[in-house]
Amino acid sequence: MSKDTIDAKDFVEKASAKGIAEIETARMALEEGGPSVVAFARMMIADHTEANDELKAIARRANLEIADDATLMDQAKAMILSVRSGESFDEAYIKNQINAHEQTTNLFERASHSEIPEISAFARQKLPKLHEHLHMANELKARQDASSAH
C-alpha cells in the first residue's frame with residue numbers, strides 16, 4: 001500500500017477517543033474559558049458530538065467494535081490532564097486544540113485511504129471541518145498573542 005493508511009479498527013478507536021476528549025475539554029472551557037474560547041468550545045461540542053455519532057453508526061455497520069464510553073473517557077481524561085502547565089486556561093486550551101487538531105487531521109488523512117469505503121468516505125467528509133477547526137484555533141492563538149503583547 002503506497003499511501004499511509006490506518007487500520008479501520010484503530011481509526012475507529014482513536015477517532016472516538018479524540019472526539020470525546022474534544023467534547024470533554026470543551027465542557028471544561030465552557031466553565032473556565034473567556035468569551036472567544038467559550039464560543040469555540042460550543043462549536044467543538046456540536047461538531048464532535050455529531051461526528052462521533054456518525055462514527056459509531058459506521059462502526060456498527062462495518063462490524064467494528066467501538067470502545068465503550070468508560071474506556072474512551074479514561075483515554076479522554078488522560079489527554080485532558082496534559083492541558084495545563086502554569087498558563088491561563090485559555091492559553092492551555094488553545095494550545096491543546098491546535099495540537100489535538102493537528103493530530104486528528106493527520107489521523108483522518110490516513111483513514112481517508114482506508115480499504116473500507118464507508119470509513120474513507122467519512123474521513124474525507126470530516127477533513128474540511130477539522131482543517132477549519134485547526135485554522136480557528138490558530139486564529140484564537142494569534143489574537144491571544146497579539147493582546148498579550150500589548
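Modeller: The axes of α2 and helix α4 (residues 89–111) cross at roughly 35° and come within 11 Å of each other. The model is predicted.

Colleague: What hand does the crossing of α2 and α4 have?

Modeller: The crossing of α2 and α4 is left-handed.

Colleague: Which residues of α2 and α4 meet?

Modeller: From α2 come Val37, Phe40, Ala41, Met44 and His48. From α4 come Asp90, Tyr93, Ile94, Gln97 and His101. The residues of this contact divide into 6 nonpolar, 3 polar and 1 charged.

Colleague: What elements does the protein have, and in what order do they run?

Modeller: The protein has 5 helices and 0 strands. From the N terminus on, the order is α-α-α-α-α.

Colleague: How do α1 and α2 pack?

Modeller: Helix α1 (residues 8–32) packs on α2 at an angle of about 155°, and their axes are 8 Å apart.

Colleague: Why is α1 called roughly antiparallel to α2?

Modeller: Angles over 145 degrees count as roughly antiparallel. The angle here is about 155°. Therefore α1 is roughly antiparallel to α2. The contact of α1 with α2 divides into 15 nonpolar, 5 polar and 3 charged residues.

Colleague: Which residues make that contact?

Modeller: On the α1 side they include Phe11, Val12, Ala15, Ser16 and Ile23. On the α2 side they include Val38, Ile45, Asn52, Leu55 and Ala59. As for hand, α1 passes α2 in a left-handed crossing.

Colleague: Take leucine 55. Where is leucine 55 found?

Modeller: Leucine 55 is in helix α2, which spans residues 35–61.

Colleague: Why is leucine 55 called buried?

Modeller: Buried means under 20% relative accessible area. Leucine 55 has 2%, so it counts as buried.

Colleague: What does leucine 55 contact, leaving aside its neighbours within four places in sequence?

Modeller: Leucine 55 is in contact with Phe11, Val12, Ala15, Ser16 and Phe122. Also, the C-alpha atoms of leucine 55 and glutamate 118 are separated by 9.7 Å, although these residues are 63 apart along the chain.

Colleague: Now histidine 133. What makes histidine 133 buried?

Modeller: The limit for buried is under 20%. Histidine 133 has a relative accessible area of 1%, and so it is buried. Histidine 133 lies in helix α5, residues 117–148.

Colleague: What does histidine 133 touch, not counting residues up to four places away in sequence?

Modeller: Histidine 133 touches Phe40, Met43, Met44, Asp47, His48 and His101.

Colleague: How do you know whether threonine 105 is buried or exposed?

Modeller: Threonine 105 is found in helix α4. Its relative accessibility is 6%, so it counts as buried. Not counting residues up to four places away in sequence, threonine 105 touches Leu127, Leu130 and His131.

Colleague: Why is asparagine 96 called buried?

Modeller: The cut-off is under 20%. Asparagine 96 has a relative accessible area of 15%, so it is buried. Asparagine 96 also belongs to helix α4.

Colleague: What makes serine 88 partly exposed?

Modeller: Partly exposed lies between buried, under 20%, and exposed, over 50%. Serine 88 has 37%, so it counts as partly exposed. Serine 88 sits in the loop between α3 and α4.

Colleague: Why is asparagine 63 called exposed?

Modeller: Exposed means over 50%. Asparagine 63 has 72% relative accessibility, so it counts as exposed. It is in the loop between α2 and α3. Asparagine 63 has a positive phi of about 55°, although it is not a glycine.

Colleague: How much of the protein counts as buried?

Modeller: Of its 150 residues, 47% count as buried.

Colleague: Where in the protein is confidence lowest, and where is it highest?

Modeller: Confidence is lowest in helix α3 (residues 69–81), with a mean of 60, and highest in α2, at 94. The protein averages a pLDDT of 85, and 83% of the residues score at least 70. Where pLDDT is low, the predicted coordinates should not be read in detail.

Methods. Residues are numbered from 1 along each chain as its sequence is written. This is a predicted model: local features need pLDDT of at least 70, side-chain atom pairs count only at pLDDT 80 or more; totals for chains, interfaces and linings use all residues. Side-chain values use heavy atoms; hydrogens and water are left out. Helices (H or I, at least four residues) and strands (E, at least two) are DSSP runs, numbered from the N terminus. Buried means under 20% relative accessible area, exposed over 50%, partly exposed in between (1.4 Å probe, protein chains only). Contact means heavy atoms within 4.5 Å. Axes are lines fitted to C-alpha atoms, for helices over the stretch in contact, and angles run from 0 to 180 degrees between N-to-C directions. Angles under 35 degrees count as roughly parallel, over 145 as roughly antiparallel, 65 to 115 as roughly perpendicular and the rest as oblique. A crossing is left-handed if the near helix is turned anticlockwise from the far one by less than a right angle, and right-handed if clockwise. Ala, Val, Leu, Ile, Met, Phe, Trp, Tyr, Cys and Pro count as nonpolar, Asp, Glu, Lys and Arg as charged, and the others, Gly among them, as polar. pLDDT is the predictor's confidence in each residue, from 0 to 100.
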